[in-house]
Amino acid sequence: MYRGARIAAVVPAYKEEKMIATVIETMPEYVDHIIIVDDCSPDDTSDAVRRTTDDRVTLIRHQVNQGVGGAIVTGHKAAMELGADVNVIMAGDAQMDPKHLPPLLDRVTRDGYGFAKANRFFAPESFEGMPKYRIFGNIVLSFMTKLASGYWNLFDPQNGYTAVRTEVLRRVPLDRVSRRYSFENDLLIHLNILQVGAVDVPIPAVYGTEVSSIRLGKVIPELLDLLFRGFWRRIWYRYVLWSFSPIALLLLLGMVLFGVGLGIAIWVCFQLASSVVATAATVMLAALPLMLGSQLLISALQLDIQASPTEPTFAPFEV
């Protein structure tokens, strides 16, 4: 136990026969359950787990590959059945250093947050060891996830080193969360809809020599589609269905005005290309909706940032 809470470590594993034993052997003693989910690995990942002697280990093997998100969902469900109070995610490749686990757990067990996640981008030195293309990709993806999820205080969304209360997970429709590499992004959207207080924890990452199996040509379109649909789902539930907020009105009206202004501006450009002189009234007809629409969209953005659930709402486990 850790500060009065039963801790379960969920370890999604795919082709990790070389490192999975290290993950188990280095797991801190205060972790009560180690749930290894072998996501239909073609190698001997499951056999490597069976050769360990730690009685905290529960091995689950998928008969069909479900993706890292599917493995995590399976692990979360198993952890809740075992009576865990807090679930942490540990990678099967040993890239998540267990010595950084206490800062994550402290935010959830002591400080009252429902969800805590690691953030590798907390200092200039944090970029050392990470390929430049991954740095750029994470920065762009972080901004897009902020916009879609509404957690403007969080960064580095693809970092799966997280801790979450099981009482929060019981409210999340886990069967509807994305099963692939976009699991972390989709989970943040679901958590924001539930207004769960979330916080970043600065933790350096460890980069090994393994090659990523992510196929960017397939993952990026799926992720963009998920973020787009997730953004509108969040707006619908938080700002329309559950309480009609000025944010929804400002957003919709701003988009309409901006779209009208942009359409007129394009029409004016075609007129100018045809040697037709644009009058001041015609220019204003395009400029005014653009300016008003931009201002309304900025106002909606400001209000959405202020509405981000950043405060802890749970009592500590250990009083």
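Which strands does helix H3 lie across, and at about what angle does H3 run to E1? Helix H3 (residues 67–81) lies across E1, strand E2 (33–38), E3, E4 and strand E6 (162–165), and runs at about 155° to E1. Contact here means heavy atoms within 4.5 Å; axes are lines fitted to C-alpha atoms, for helices over the stretch in contact, with angles from 0 to 180 degrees between N-to-C directions. Helices (H or I, at least four residues) and strands (E, at least two) are DSSP runs numbered from the N terminus.

The model is predicted: local features need pLDDT of at least 70, side-chain atom pairs count only at pLDDT 80 or more, and totals for chains, interfaces and linings use all residues. Residues are numbered from 1 along each chain as its sequence is written, and side-chain values use heavy atoms, with hydrogens and water left out.

The open sheet has 7 strands in the order E3-E2-E1-E4-E6-E5-E7, with mixed pairing; two strands pair if DSSP finds at least two bridges between them. Strand E3 (57–61) and strand E7 (198–202) stand at the edges with a single partner strand each, so one side of each has no neighbour in the sheet. Strands E1 (residues 7–13) and E4 (residues 86–89) run parallel and are joined by 4 bridges. Ala8 has Asn87 in E4 as its bridge partner.

Next, the cavities. On a 1 Å grid over the protein atoms alone, a cavity is a set of points where a 1.4 Å probe fits but cannot get out; lining residues have an atom within 4 Å of a point. The structure holds 3 cavities of 30 Å³ or more, a volume being the space filled by probe spheres set on the points, which are joined across faces, edges and corners. The largest cavity has a volume of about 50 Å³. Helix H7 (residues 183–193) gives the most to the lining of the largest cavity, with 3 residues.

Methods:
On a 1 Å grid over the protein atoms alone, a cavity is a set of points where a 1.4 Å probe fits but cannot get out, and a pocket is an open set with protein on both sides within 12 Å along at least five of seven lines; lining residues have an atom within 4 Å of a point.
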